[in-house]
Amino acid sequence: MNTLWITAEEALSQLGTKPQTLYANVSRGRIRAKADPVDSRRSLYQADDVRRLAERHAGRPRASAVAAEAIRWGDPVLPTTISSIADGRLSYRGHDAVELSLTADLEDVATLLWQTPTITVRAADVTLAGRSRLAAALMNLAARVADDLPTLGRASPILRGEAVDVLSTVAAALAPWPEPLPLHQRLAIGWKRPAAVEPIRKALVLAAEHELNVSAFAARVTASSGAALSAAVLSGLATLTGPRHGGAWLSVTQLVERANAVGVREAIRGMLGSEGAVRAFGHRLYPQGDPRAKAIIASFEAPPLYGLLAEAGEDLLGEPVNLDFALASLAAAFDLPDEAPMVIFALARTVGWLAHAMEQVESGHLIRPRARYSGQ
């Protein structure tokens, strides 16, 4: 995702404020900043953030207008104790996610995010009958939604036990294996790529949770209605399939195909010209680079073409690669199936969705924004 960065002078001109106010907005997370690659003593500021804040300050908009803007990228919508993104770091309940990925597995992350004792994901040897693993996961969840109990009125320990069962349902489709092995081992063995076990483990840990992204928000909305945990995960998984979320890795493979045909720089220029963005690069929450991508890519030797793309992208766009690029690179390095990036992402993020669903249930609040009619 390519973004536009402006100087402090340009930002102050749009905001009409003093430098101290600009710096305060940066420290509060309202405006993203990064070091100027030309002059490290200066900072650059994210143009969209500056514009949005300037528009809000102009004429002091009504609360309804502020609320309508808040549902988009920018301001937090809901408080959470599950994860945070600040100063270029992702933390799970106060623990640095990159540091956790050095030794933890996905089950460890689940115990941390769900605040529950050690869990064991049920083993399952299933036949996918020609379906993709993602399709099987969607069908497995849909099959149990009608029978599972609502979340309202049920104690937290009971819901945490049910969360393990829902994760087992998803794993039965995404990581089918007849023995109760850790999920990263089940994926590596199932794909017959034992050498990929450590990078897969690291990728699962780092993809497990990412604050209030669109699929986590969908899961929370569903849970706020009192629906079953399986319904909340089904909502998250359905949202994940969108090309602007979990399906973004497909744009990476398309970029690689173009690079094979016309060269890395021409491929980047072509995608930027045709789509207005290159989703393999940059992340709005990480102006200095996605730490998840850096940690994952460091765990294996990426194919040469991916290395060339990473260098060219940073040179042309000023943005390092992101998680989508890292997952696609992992799949290419070990010749994993085409759907492997989505499988890894979906299996990992199920842990985060369940954490958000249970936190929303415990809050007791229904998520119900009002609409502002803008028709005739």
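The largest nonpolar core of this predicted model holds 93 residues. A nonpolar core is here a set of buried Ala, Val, Leu, Ile, Met, Phe, Trp, Tyr and Cys residues joined through side-chain atoms within 4.5 Å. Buried means under 20% relative accessible area, exposed over 50%, and partly exposed in between (1.4 Å probe, protein chains only). W114, L187, I200, L255, I344, L347 and L354 touch the most other members. Helix α18 (residues 340–363) gives the most to this core, with 15 residues. Another core, of eleven residues, lies apart from it and includes I6, A11, L22 and V50. In soluble globular proteins, nonpolar side chains tend to be buried together.

The model is predicted: local features need pLDDT of at least 70, side-chain atom pairs count only at pLDDT 80 or more, and totals for chains, interfaces and linings use all residues. Residues are numbered from 1 along each chain as its sequence is written, and side-chain values use heavy atoms, with hydrogens and water left out.

L187 touches R133, L174, A175, I200, L204, V343, I344 and L347, not counting residues up to four places away in sequence. Contact means heavy atoms within 4.5 Å.

Helices α7 (residues 133–145) and α8 (residues 156–174) have axes that come within 7 Å and cross at roughly 145 degrees. Axes are lines fitted to C-alpha atoms, for helices over the stretch in contact, and angles run from 0 to 180 degrees between N-to-C directions. From α7, the contact involves R133, L134, A136, A137, N140, L141 and R144. From α8, E162, D165, V166, T169, V170, A172, A173 and L174 take part.

An open sheet has three strands in the order β4-β5-β6, paired antiparallel. Strands β4 (83–86) and β6 (95–96) stand at the edges with a single partner strand each, so one side of each is left without a neighbour in the sheet. Helices (H or I, at least four residues) and strands (E, at least two) are DSSP runs, numbered from the N terminus. Two strands pair if DSSP finds at least two bridges between them. Four bridges join β4 to β5, and I85 stands opposite L90 in β5. Two bridges link β5 (residues 89–92) and β6. Y92 has H95 in β6 as its bridge partner. Along β4, S83 and I85 point to one face and are buried. The hairpin of β4 and β5 has two residues between the strands, and D87 takes a positive phi near 55 degrees.
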